[in-house]
Amino acid sequence: MAWKQSSTTSGGIRVRAPGIPIKCWCAESIKELISKTNLNPYRRYYRCRYAAQRKLENENHIFKWVDEAFTDEIQQLDYHVRMLEEEVQVLKATITSGPKAFWVSVS
């Protein structure tokens, strides 16, 4: 889902947007990398390819932890499944309690 993105503002404050990022606002693709920091060793993350190549920090290109992106996707899917289940229940109720159709055979 390309419209879902996570980024930072020019002040370095993270803007939270759900889902797995596909493209950065700059139209660059997203790269999956592995953290080598002491704080998050071996933790996977998504990064704007442009920002990753230039080793940019504290700017406004996409950065999102993979585990957080997956959690967001699962929560979104769960929400959609619940909405579909409710819609099915409404349709079932409409079918069982709605007006009965009369079928007339024309000879």
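The mean pLDDT of this predicted chain is 80. Of its residues, 73% reach 70 or more. Where pLDDT is low, the predicted coordinates should not be read in detail.

The largest one has 8 residues. They are Cys24, Ile30, Tyr46, Cys48, Ala51, Ile62, Val66 and Ala69. Two elements, β4 (44-48) and α2 (66-97), each give two or more residues to this core. In soluble globular proteins, nonpolar side chains tend to be buried together.

Strand β4 also holds arginine 47. Is arginine 47 buried or exposed? Its relative accessible area is 8%, under the 20% cut-off, so arginine 47 counts as buried. A polar atom of the arginine 47 side chain lies 3.2 Å from the backbone oxygen of histidine 61. Beyond its neighbours within four places in sequence, arginine 47 is in contact with Ser29, Ile30, Lys31, Leu33, Ala52, Leu56, Glu59, His61, Ile62 and Phe63. Among these contacts are Ile30 and Ile62, which are also listed in the largest nonpolar core.

Now consider alanine 27. Alanine 27 sits in the loop that links β2 (14-15) to β3 (30-34). Its relative accessible area is 55%, over the 50% cut-off, so alanine 27 counts as exposed. Cysteine 48, a member of the largest nonpolar core, is 21 residues from alanine 27 in sequence. In space, the C-alpha atoms of alanine 27 and cysteine 48 are 9.1 Å apart.

Technical notes
Residues numbered from 1 in each chain as written. Heavy atoms only, no water. Helix = DSSP H or I, 4+ residues; strand = E, 2+ residues; numbered from the N terminus. Buried < 20%, exposed > 50% of the residue type's maximum accessible area, 1.4 Å probe, protein only. Core = buried A, V, L, I, M, F, W, Y, C linked by side-chain atoms within 4.5 Å. Polar contact = N/O pair within 3.5 Å; in protein donor to acceptor, adjacent residues only side chain to side chain. Contact = heavy atoms within 4.5 Å. pLDDT = per-residue confidence, 0-100.
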